Amino acid sequence: VEPAASFAQSLRELNDLKVAGIIEDYAIAGAMALVFWTEPIPTYDLDVLVLLPEQGSSLVSLSGIYQWAAARGYPADAEHIVIADVPVQFLPAHGELADEAVETAATLEYEGVPVRVVRPEYLVALYCEPSARTAKRRERAAALLEAPGTDRGLVERLLERYGLVP
Amino acid sequence: MTTRPRTRPTAELLDRLRRGKAELRARRTEMSLKEKVAIVLKLQRVYLPLLKRHRPLAPWERPWDVEP
């Protein structure tokens, strides 16, 4: 029986994507980002916001990531790439707020592996975007606002700056 | 509808219960990342049958076979 992979291995591979220049930068978002900042919640995938290098076209392509995954033997499953048994969804930054969320992400450490995680204030702002307003996301935003390290002033400034004040 | 008189919790008891819950959440928030990931892995197994009863699962919705 093959030993199970470790979660840290999936994180290490994200860093490798950046070192290889396939992505400019990344930051974990979604439910796993919440786990870093608040209490554990159930989730089955890892959302990763990515800044892609200039592609010389207005159409965004994830083909570089898919080629990298295929070369390493990581299968694609629907819109996910399964990296060391963790389904990872790569989400190209969809606007300036998402760009800033990646650029200002915190570098934390998981079992000796550096990992970029979207800061809680930016997660709240992303959850307040009109396309993302669902009951589940409102609940997550509320949990993040209650987290001890969340800078509520920064949240307010972000919501103001990006026209997201409810 | 008629309601029979019931014994109700005191404000003090309710307050204590709420405080207890907040303390539990704070303790879970302050756990190490490895401990949190271990809990996520456990939650994935507990939550899956409930989710399955609620809606069809996507192919990637399954517990991860990884060590925390």
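1. Ground rules. In this predicted model, local features need pLDDT of at least 70 and side-chain atom pairs count only at pLDDT 80 or more, while totals for chains, interfaces and linings use all residues. Residues are numbered from 1 along each chain as its sequence is written, chains are lettered from A in the order in which they are written, and side-chain values use heavy atoms, with hydrogens and water left out.

2. Extent. On the chain A side 31 residues are in contact with 24 residues of chain B (contact: heavy atoms within 4.5 Å). The two chains bury about 2,600 Å² between them, 65% of it on carbon and sulfur atoms; buried area is the accessible area (1.4 Å probe) lost on putting two parts together, summed over both. In chain A, Glu39(A), Pro40(A) and Tyr44(A) lose the most area to chain B, together 29% of what that side buries.

3. Salt bridges. The rule (a side-chain nitrogen of Lys or Arg within 4 Å of a carboxyl oxygen of Asp or Glu) finds 4 salt bridges across the interface. One of them joins Arg62(B) to Asp85(A), at 3.4 Å from N to O.

4. Elements. α2(A) gives the largest share of the chain A side that touches chain B, 4 residues. Helices (H or I, at least four residues) and strands (E, at least two) are DSSP runs, numbered from the N terminus.

5. Strand pairing. β1(A) pairs with β1 (residues 66-67) of chain B in the parallel sense over 2 bridges; pairing requires at least two DSSP bridges between the strands. Within this pair, Ser6(A) has Glu67(B) as its bridge partner.
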